[in-house]
Amino acid sequence: THHALPHAQVIGRDVQLLSSYEYVIVGAGTAGLTVADRLSEDPLKVLVIETGDLDHGEDEILIPRYALGAPRKYFYDIPSVPMPGLNNRSELLSVGRIVGGSSAVNGMFMPRGAKSDYDLWRDLGNPGWGWRDLLPYFIKSETFTPPPASLASKFNITWDMRYHGTKGPVKSSYPPFLYPAVNVFLNAIRQFGSHVPYEHASGDALGAYWAPNTLDPVTRTRSYARTAHYDTIKSRVNFHLLYNTTVTKITFNGKTATGVMYASGPKARSKSVSASREVILAAGAPHTPQLLQISGVGPRKLLESFNIPVISDLPGVGANFHDHPYLFTAGTVAHDLNPSPSNTSNATWMAEQLDLYRTKRDGVYTTSLGNTAAFLPLNEITLLSTSIVNSLKSQDPVKAPPAETDSTVLAGWKAQRDLIVKYTLEGKIAAGEFIGGSGAGMGLVLLKPLSRGSLTIKSTSAFDDPIVDFGTLRNPLDLDILTEMIKAWRRMLLTPAMQSMGPAATSPADNVTSTADIQAYIRANLAASLWHPTGSAPMLKKELGGVVDTRLLVYGTRGLSIVDASILPICPSTHITSTVYAVAEKVLIFFVFRS
Ligand SMILES: Cc1cc2nc3c(=O)[nH]c(=O)nc-3n(C[C@H](O)[C@H](O)[C@H](O)COP(=O)(O)OP(=O)(O)OC[C@H]3O[C@@H](n4cnc5c(N)ncnc54)[C@H](O)[C@@H]3O)c2cc1C
């Protein structure tokens, strides 16, 4: 029997569940908890089901220095298929599997994309999804705390409060510590010919800057979906969270989603709970398409091969999947600054720093990974920009997605490509990111990859991993752009600012010079994922391979929507947490209208 709870709660046992809720949300991740929080502000009954556990306040979750070091039980780690573009290497797709989702385990870097990243979505046929439309929700999502004057002047940090929130749930701030090499890097980028924007969060996000972290400015611990959108609301009587429980299927009556099936493990009996208004998928870019496919929403041929009754034939489910590939270059410096990353191998210094963190919330432990990066358009990276764009324009579009891709998905790719060409020629989107500020080595990120991969089920069980194909370097132009990025990195090392440190490249070393050798180096060393899986259930017109419309409703169904990174049709040229929060804040208005 089902009882209403005396007051709302984390539900450890499903016997306490109601039999029906207005909204059932799949996944207590970055977007899922944001939507749950906003929907349950009204006295609507909201249930969130999350396959992962609640964290126990581990240092690896909360202390910035340990970012990315959370116990593996809090991750999905899914090996991809071997990829020809990477010498048949298999790469891991890692995402959070925990209350808070990827926001609980990520690198805490919190930049926004450029105006053009979002205008591109709008121009793809998504009115209401340009930069101007999203800006209020970036603002709504955060409480931004500017750095103290001493830090701001030391690192030339500038900001404009018109573009920041002061009342939002997610805390964004600057750690009090960064290596002095950050200034060297920012100067090098200026000398390289790129600008340093006054406020990147205004949409002027091309160039180099130190962006804020998802960081509580007082406790100097991680601010994530759990602290922002769960701990603060768990006493609401109308909000329930069932964790350590996996949604196994969406249930339908005809084309109308009626609820979900869930189970505590692969061998446990599945149970059902119903949603009177809507089932909201927020399982993240790898798992939202998996659940759709298992439930009969996806490419007909695939579904029929598993004898899954087709609810809605949508070729775009699992197609258009992409991520940001990246490569770390390495080098040495003759004149190191103090402190520098080399200090971290000094046990005495690190012990002092940990003490400093524990007692004063200061020092190297307040900082996660690199927080300073240059986001550069192609024409600032290479003189070959126009010729690369011309090759893209004239290229057979079949080069980007996997073989046998549906014609609607191909049409969608062509529409994306035409806009990438247009915005690249206008110098408005960043093609490559250079994460710097610690010495000669930099992280090189391909921000607008032209290759596409896929996510498909290998069984009808939600407990089996989907088949992951990143499709990395399927399009040879991606390799050309990365090659130019390596050359650009070498030129950055030649700027007077960088020269003052006496840098020497070690990986790739300076004797790797021919295009063939550089490309062999890239194929052997490129990582397929900067943990930004995107686009696997895109917001696009149906004839462009879309899965959701501009109100995030799934085509060919009723009462089913998606709110997570899978709907982003093209990954913004940045790290995407702030965007996922903004999208989740924005959709609330649609729920209000359709209820
Ligand atoms: C290691 C790592 C580092 C990153 N670093 C940064 C960074 O520094 N800066 C940045 O901006 N971005 C970063 N990102 C990216 C960013 O964190 C994600 O893009 C974003 O959090 C995704 O949000 P989401 O809501 O789409 O999915 P998630 O937050 O991943 O949430 C999905 C949730 O659904 C749950 N789920 C999945 N399947 C089921 C099911 N069947 N039943 C129930 N629950 C299910 C998952 O367990 C998960 O909790 C990083 C990501 C990772 C993984």
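Which residues is alanine 257 in contact with, leaving aside its neighbours within four places in sequence? In this predicted model, the contacts of alanine 257 are Ile250, Phe252, Ala275, Val279, Thr557, Arg558, Gly559 and Leu560. Alanine 257 belongs to strand β11, which spans residues 256-263. With 27 other C-beta atoms within 10 Å, against a threshold of 20 or more, alanine 257 is therefore classed as buried. Its C-alpha atom is separated by 38 Å from that of leucine 446, a residue 189 positions away along the chain.

The chain as a whole contains 17 helices and 23 strands. Its radius of gyration is 23 Å, close to the 25 Å given by the globule rule for 595 residues, so the chain is as compact as a globular protein of that length. Along the principal axes, the C-alpha atoms fill a box of roughly 70 × 60 × 45 Å. Of the 595 residues, 55% are buried. Among contacts with a separation of 6 or more, 73% are between residues 24 or more positions apart.

The largest nonpolar core comprises 172 residues, and those with the most contacts inside it are Val24, Ile25, Val26, Val35, Leu47 and Val563. Helix α6 (residues 181-192) gives the most to this core, contributing eight residues. When residues up to four places away in sequence are not counted, isoleucine 25 touches Gly32, Val35, Ala36, Val46, Leu47, Val48, Ile280 and Ala282. Two of these partners, Val35 and Leu47, are themselves listed with isoleucine 25 among the core residues with the most contacts.

Leucine 47 also takes part in strand pairing, its bridge partner in β9 being histidine 240. Strand β3 (residues 46-49) and β9 are paired in the parallel sense over four bridges. Strand β9 (residues 239-242) is covered on both faces. Phe239 and Leu241 are buried on one side, and His240 and Leu242 are buried on the other.

The ligand is surrounded by 43 residues, of which Gly27, Gly29, Gly101, Gly107 and His575 are the closest. By class, this shell consists of 21 nonpolar, 19 polar and three charged residues. At least two shell residues are supplied by each of α1 (30-39), β5 (92-96), β10 (246-253) and α17 (577-594).

Several backbone features occur in loops. The peptide bond from asparagine 338 to proline 339 is cis, with omega near 0°, and proline 339 is located in the loop between β16 (330-333) and α10 (347-360). A cis peptide bond also joins serine 507 and proline 508, with omega about -5°. Proline 508 is placed in the loop between β22 (503-507) and α16 (515-525).

Positive phi values are found at two residues other than glycine, asparagine 320 and glutamate 404. For asparagine 320, phi is about 60°, and the residue lies in the loop between β14 (312-313) and β15 (326-328). Glutamate 404 has phi near 65° and is placed in the loop between α12 (385-394) and α13 (407-425).

Note on methods: Residues are numbered from 1 along each chain as its sequence is written. This is a predicted model: local features need pLDDT of at least 70, side-chain atom pairs count only at pLDDT 80 or more; totals for chains, interfaces and linings use all residues. A nonpolar core is a set of buried Ala, Val, Leu, Ile, Met, Phe, Trp, Tyr and Cys residues joined through C-beta atoms within 7 Å. A residue is buried if 20 or more other C-beta atoms lie within 10 Å of its own, exposed if 12 or fewer, and partly exposed in between; C-beta atoms are placed from the backbone. Two residues are in contact if their C-beta atoms, placed from the backbone, lie within 7 Å. A residue is near a molecule or strand if its C-beta atom, placed from the backbone, lies within 6 Å of it. Ala, Val, Leu, Ile, Met, Phe, Trp, Tyr, Cys and Pro count as nonpolar, Asp, Glu, Lys and Arg as charged, and the others, Gly among them, as polar. Two strands pair if DSSP finds at least two bridges between them. The radius of gyration is taken over C-alpha atoms; the globule rule is 2.2 Å times the number of residues to the power 0.38.
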